[in-house]
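Colleague: I am new to this structure and should like to understand the reasons behind the terms used for it. May I put some questions to you?

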Amino acid sequence: MAEVIDGKLVAEDVVATVKRLTADLLAKHGVTPGLAVVIVGEDPASQVYVSSKGKKAKECGFHSVQHTLPADTGEAELLKLIGDLNADPAIHGILVQLPLPDHVDAGKVIQTIAPEKDVDGFHFINVGKLGTGELATAFVPCTPAGSMLLIERVRGKDLSGLNAVVVGRSNIVGKPMANLLLAANCTVTIAHSRTKDLPAIARTADILVAAVGRPEMIKGDWVKPGATVIDVGINRIPAPEKGEGKSRLVGDVAYAEAAKVAGAITPVPGGVGPMTIAMLMANTLVSASLAAG
Ligand code: GUN
């Protein structure tokens with residue numbers, strides 16, 4: 001059976017380090033990291049994510065502010081808020097929770113965030129730095145950055161020459177994940193909904209990252225024996241209409257099957273999920289430290 005990768009434990013480690021360095025930053029430079037989270041509308045999943053981000057920021061000793069705007073907020077008003085946050089010296093990280101309502105151009109909003117406060121790593125400057133291997137000064141998107149830490153915990157820091165397959169090509173996870181693995185000298189394949197013979201490609205992976213948002217799509221016999229499987233998916237399966245069952249969370253990987261074949265695998269929940277918030281805290285601390293000089 002595969003080793004179960006405990007993302008909660010690794011995330012707690014990261015958060016403990018962030019807390020310690022936050023206290024150091026305050027003692028040495030009088031600076032408290034500030035994180036502003038902006039949410040537009042009432043998507044229940046987004047509300048849960050945003051409130052966990054705020055709570056964790058406070059736990060780290062950050063200055064944490066949440067801007068909750070109604071669903072009909074106009075683009076101009078949102079851009080004005082971002083401009084104000086860009087100019088606010090108490091704020092080091094700005095996160096606009098996605099998705100935004102359809103009448104707002106999400107791309108324009110994200111590109112308005114100052115790159116040095118873009119702790120989500122979605123601004124073209126940060127995307128470009130990651131794509132060109134300028135990792136030392138890039139903000140890297142939190143979910144792929146956290147997934148990378150989990151991979152290194154299992155396989156060590158030297159991933160050179162390993163075959164990595166990323167299933168999913170989103171800007172938030174798939175593409176930055178592929179770039180991180182490439183920067184670590186893996187041989188990287190990005191697979192997606194149009195890929196031919198996905199099972200055969202998945203079976204070549206020493207490192208298999210699933211980020212498609214389809215419940216239990218990746219089956220046990222798609223997994224190479226001994227592979228490291230990172231399941232980024234968080235899918236809520238509704239409760240059956242009759243009977244006792246409750247709704248439950250599953251990943252993009254058929255966990256029970258895959259765990260029989262893999263060398264190591266992340267569970268859902270408790271794998272990648274907690275790492276995303278931990279890396280957001282780490283990015284915000286880095287931003288505040290850079291601002292402190
Ligand atoms: N929505 C889903 N994932 C994310 C994320 O990582 N950042 C933001 N801002 N919104 C999201």
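Modeller: One may begin with Val261, which touches Gly220, Val223 and Pro225 when residues up to four places away in sequence are not counted. Please bear in mind that this is a predicted model.

Colleague: Where is Val261 placed, and what separates its C-alpha atom from that of Met1?

Modeller: Val261 lies in the loop between α9 (255-259) and β11 (264-265). Its C-alpha atom and that of Met1 are separated by 6.8 Å, although the two residues are 260 residues apart along the chain.

Colleague: Why does Val261 count as buried?

Modeller: A residue is buried if 20 or more other C-beta atoms lie within 10 Å of its own. Val261 has 20 C-beta neighbours inside 10 Å, and therefore counts as buried.

Colleague: Which residues does the UniProt annotation "binding site" cover?

Modeller: According to the UniProt record, an unreviewed entry, the annotation covers Gly168, Arg169, Ser170 and Ile234.

Colleague: Why does Arg169 count as partly exposed?

Modeller: The term applies between the limits of 12 or fewer for exposed and 20 or more for buried. Arg169 has 18 C-beta neighbours inside 10 Å, so it counts as partly exposed. Arg169 sits in the loop between β5 (163-167) and α7 (174-183). Apart from neighbours within four places in sequence, Arg169 is in contact with Gly174, Lys175, Ile190 and His192.

Colleague: Which residues are around the ligand, and what are their classes?

Modeller: The residues around the ligand are Leu95, Val96, Gln97, Leu98, Asp120, Cys142, Thr143 and Ile172. By class, this shell has five nonpolar, two polar and one charged residues. At least two residues of the shell come from each of β4 (93-96) and α6 (142-155). Domain 1 (30-115) and domain 2 (142-273) each provide at least three.

Colleague: How do you know that the span of helix α10 agrees with its number of residues?

Modeller: At 1.5 Å a residue, the 21 residues of α10 (residues 272-292) should span 30 Å, and the end C-alpha atoms are 30 Å apart, so the two agree.

Colleague: What makes α10 largely enclosed by the rest of the structure?

Modeller: Of its 21 residues, 16 are buried, and α10 is therefore largely enclosed. Just after α10, Gly293 takes a positive phi of about 85°.

Key
Residues numbered from 1 in each chain as written. Predicted model: local features only at pLDDT ≥ 70, side-chain atom pairs only at ≥ 80, totals over all residues. Helix = DSSP H or I, 4+ residues; strand = E, 2+ residues; numbered from the N terminus. Expected span 1.5 Å × (residues − 1). Near = placed C-beta within 6 Å. Nonpolar A, V, L, I, M, F, W, Y, C, P; charged D, E, K, R; others polar. Domains from an automatic or database assignment. Contact = placed C-beta atoms within 7 Å. UniProt positions renumbered as here; feature names shortened; annotations may be inferred.
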